[in-house]
Amino acid sequence: MSDHHPTGLKRWLFSTNHKDIGTLYIIFSIVMGIVGGAYSGMIRAQLATPDGGFLGLDGQFYNVVITAHGLIMIFFVVMPGLIGGFGNWFVPLMIGAPDMAFPRLNNISFWLLVPAITLVMMGGYIGSGAGTSWVMYPPLSSTLGHADMAVDFVLFGLHLAGASSLLGAINFITTIYNMRAPGMTFHKMPLFVWAMLVTAFLLLLSVPVLAGGITMLITDRNFATTFFDASKGGDPVLFQHLFWFFGHPEVYIMILPAFGIISHVISTFSKKPVFGYLGMAYAMVSIGVIGFAVWAHHMFTVGLHVDTLAYFTVATMVIAVPTGIKIFSWIATMWGGSVRFSTPMLFAMGFIILFTIGGVTGVVLANAGVDKILHDTYYVVAHFHYTLSMGSLFGLFCGFYYWIPKISGRMYSETLSKIHFWVLFIGVNILFFPMHFLGLAGMPRRYADYPDAFAGWNMVASIGALITLASTVFFLFILFHTLRYGKKAPANPWGEGADTLEWTVDSPAPFHTFDTQPRIK
Amino acid sequence: MLDFWEYIKKMFGMLHRSLALIFLVLFPVLGFCTEPEPWQFGFQDAATPVMEKVNELHTILLWVIFVIAVFVAALLLYTGWRFHEKRNPIPSKTTHNTLIEVIWTVIPVVILIFIGIPSLRLIYYMDKVDEPEITIKAIGHQWYWEYEYPEEDISFDSYMIKTADLKPGQKRLLEVDRPVVLPVNTNIRILTTSADVIHSFGVPAFGIKQDSVPGRLAEVWARITKTGNYYGQCYEICGMNHSFMPIQIKVVSREEYDQWIKEKGGKKAKADASKNNPTKL
């Protein structure tokens, strides 16, 4: 009996296969990464020198650029890459399931992203463009600040992206609850699956709140409601509460899957099981739970009551504890192991060092007293790029090099990928580290032009951006090189350390896997 | 308890200053600055007790996070080197050690309590001033600040000076046509709100940043200890000219301030005038 194997349009457009949909997500993420990266390039060109640098964008268009950069990187690069891409590919493989629980839902999850990004991109170019930054605070995002339809396009685009995420989250939760191979209890589940489960719950509980907030904004803009209009009894700060009740879990949505990947890579290349497995799993669960109770630390300067500031300061600092457990458990996994510095391992170690830097500056920002000085300065930009541009992005590259043999059936070149790692590592640090100094000195975020005193470090950052750009172009070459000239990969290229189920199937993973159910002892 | 925290602050301050000396030799900064400097590494110089306290806490935090980051990086690199497959071909199978797991949970908790206590004290200290002597109001507009001295019945708009109109020595994007004038060593209450979108009134040297939200009136305070020209900017994205609505505050002696109020025709000045010459009113 031969398996059903559609081809062409039927295979890709109507796909219900988790691997094909995962591949579509990964391609989508890479393409959008280039677009979002192009916007970063524009930002750094504009800020390279005072008075508009090489570009001389006007203030509104610059705001459009930073808005598009933020929205694209968050909703259309990191989330599709980590959750849609690696999640789709490896959650079913790791739990020994033949596919996702709802294959057609999976298809619509992906294809909703195409109209979503189309609307968001159009929002940048209709009228004067949506220059609200990704947080979209009214009244700037109301008709007062943006009279034309640009912001409506972005809001409807985000609604579609949110629907896509929600359907994906429902699919992951159902799959993980019901389709684990016999013998795989929750406490035997690989940590990447744990990470995806927690991520899916965060999405399920936070995205509807964003949807509510932006729906209220849509009706404020179009149907004369006044939820956020202070002159008619509304309150702009209400939107900020709704937005950050989504927005804070969102930052964990972007990092937890990377945590999962890092755990597997560290364990694989140390030839040693993960240290403190249960602690690792429940650290992620507690990060997810506490993540819902800290949102107002993004709002320390809006004029909250002093007791509220005190609560959110303390609650935010608590998150450092489970995060610390994860960092130390990764190092303990390596301790006593037999460590090999393959490229995924380099990315994992780079992740640990740089994410720690982003994490500790987060502890600084958690203190409301200090945050009042640093809020909306480049210190914050530096902080969250250390956790995202070095955290989530390093997680993406780490997962890419770790799993590309399984996805494509071909090995990447160790030499080329190591060059990629080092150039990227140096580039992002030159790019983002000076931003701490700029922020401490007081340089505000979202500025198209800055006082001359900030010129020096901005130039250094822009040089770092050039190096990062070079490494990204080089990555695209590696991608081409791997697919075209890569050596054929065996089922398990990593040896005894790689003990999860995806390494028991052929490389590339066949269209249908686990025709006979695996059993876990 | 109080003395303990003062002692800790002093200790960290000394450590910081001695290392800062090295930086001073490498990057000479002359005296007190009221504005950002090229190649600056840290905060602007504190001109209020609030900013001094922020600086103290930040110094503690900076040392704590510096030590943690270096410790983690060093431990990771050492582990990678020590247990490289060449040196350690046979991996151990250890996956649990309750003692060490308890240790790396408890120590971060202790560190957090250590920084949490001074942090909470700072939050309450920053909140309000008991007896404000002067109240001013900063109202954000797209894209300029309007200032009111409600007790004096004075109000004026303050626009950035365009680059083309700058006189020599004026700072691009920081200088305004009509700066706020405030007296030194006075408890000043600053109220802020907005007439359109959200802005944010921030002056780094004073340790002030407060969003100006339409429909809300927020309060911050400052007691400025040194005279001079201070600069702030708008810290909440507010549209096209977000980068171009700076704040300039001229801090002068009490006498000069009273003189300025008189020139501006403040209510007190009028009252004084009527006292000296009652028939004219």
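Across the interface of domain 1 and domain 2 of chain B, the rule finds one salt bridge, a term used here for a side-chain nitrogen of Lys or Arg within 4 Å of a carboxyl oxygen of Asp or Glu. The partners are Glu35(B) and Lys171(B), whose closest N and O atoms are 3.4 Å apart. The model is a predicted one, in which local features need pLDDT of at least 70 and side-chain atom pairs count only at pLDDT 80 or more, while totals for chains, interfaces and linings use all residues. Residues are numbered from 1 along each chain as its sequence is written, chains are lettered from A and ligands numbered from 1 in the order in which they are written, and side-chain values use heavy atoms, with hydrogens and water left out.

The two domains of chain B span 2–90 + 97–127 for domain 1 and 134–268 for domain 2, with bounds that come from an automatic or database domain assignment. Their C-alpha centres lie 33 Å apart. Where the domains meet, 14 residues of domain 1 of chain B are in contact with 15 residues of domain 2 of chain B, contact meaning heavy atoms within 4.5 Å. The area buried between these domains is about 1300 Å², of which carbon and sulfur atoms give 59%; buried area is the accessible area (1.4 Å probe) that two parts lose on being put together, summed over both. On the domain 1 side, Thr34(B), Ala47(B) and Thr48(B) lose the most area to domain 2 of chain B, and together they make up 35% of what that side buries.

Five residue pairs, both at pLDDT 80 or more, are in polar contact between domain 1 and domain 2 of chain B. Such a contact is a pair of N or O atoms within 3.5 Å; within protein, one must be able to donate a hydrogen and the other to accept it, and residues adjacent in sequence count only if both atoms are side-chain atoms. Helix H2 (49–82) and helix H3 (98–127) of chain B each supply at least two residues of the domain 1 side that touches domain 2. Helices (H or I, at least four residues) and strands (E, at least two) are DSSP runs, numbered from the N terminus. The residues of this domain 1 side divide into eight nonpolar, three polar and three charged, where Ala, Val, Leu, Ile, Met, Phe, Trp, Tyr, Cys and Pro count as nonpolar, Asp, Glu, Lys and Arg as charged, and the others, Gly among them, as polar.

Attention now turns to the two chains. Their contact takes 82 residues from chain B and 95 residues from chain A, and about 7500 Å² is buried between them, with carbon and sulfur atoms giving 69% of that area. Between the chains there are 28 residue pairs in polar contact (both at pLDDT 80 or more). H2, H3, strand E7 (208–212) and strand E9 (228–234) of chain B each give two or more residues to the side that touches chain A, and H2(B) provides the largest share of that side, 17 residues. By residue class, this side of chain B divides into 47 nonpolar, 24 polar and 11 charged residues.

Glu85(B) lies in the loop between H2 and H3 of chain B and Arg340(A) in the loop between helix H10 (320–334) and helix H11 (343–366) of chain A, so the pair joins two chains. Glu85(B) is partly exposed at 24% relative accessibility, and Arg340(A) is partly exposed at 25%; buried means under 20% relative accessible area, exposed over 50%, and partly exposed in between (1.4 Å probe, protein chains only). The loop between H2 and H3 of chain B also holds His84(B), which counts as buried at 12% relative accessibility. Leaving aside neighbours within four places in sequence, His84(B) is in contact with Val339(A), Phe341(A) and Thr79(B).

Another salt bridge between the chains links Asp452(A) and Arg172(B) (2.9 Å, N to O). This pair runs from the loop between H14 and H15 of chain A to the loop between strand E3 (154–158) and strand E4 (180–183) of chain B. Asp452(A) is partly exposed, with a relative accessible area of 40%, whereas Arg172(B) is buried at 9%. Salt bridges that share partners join Asp51(A), Asp449(A), Asp452(A) and Arg172(B) into one network.
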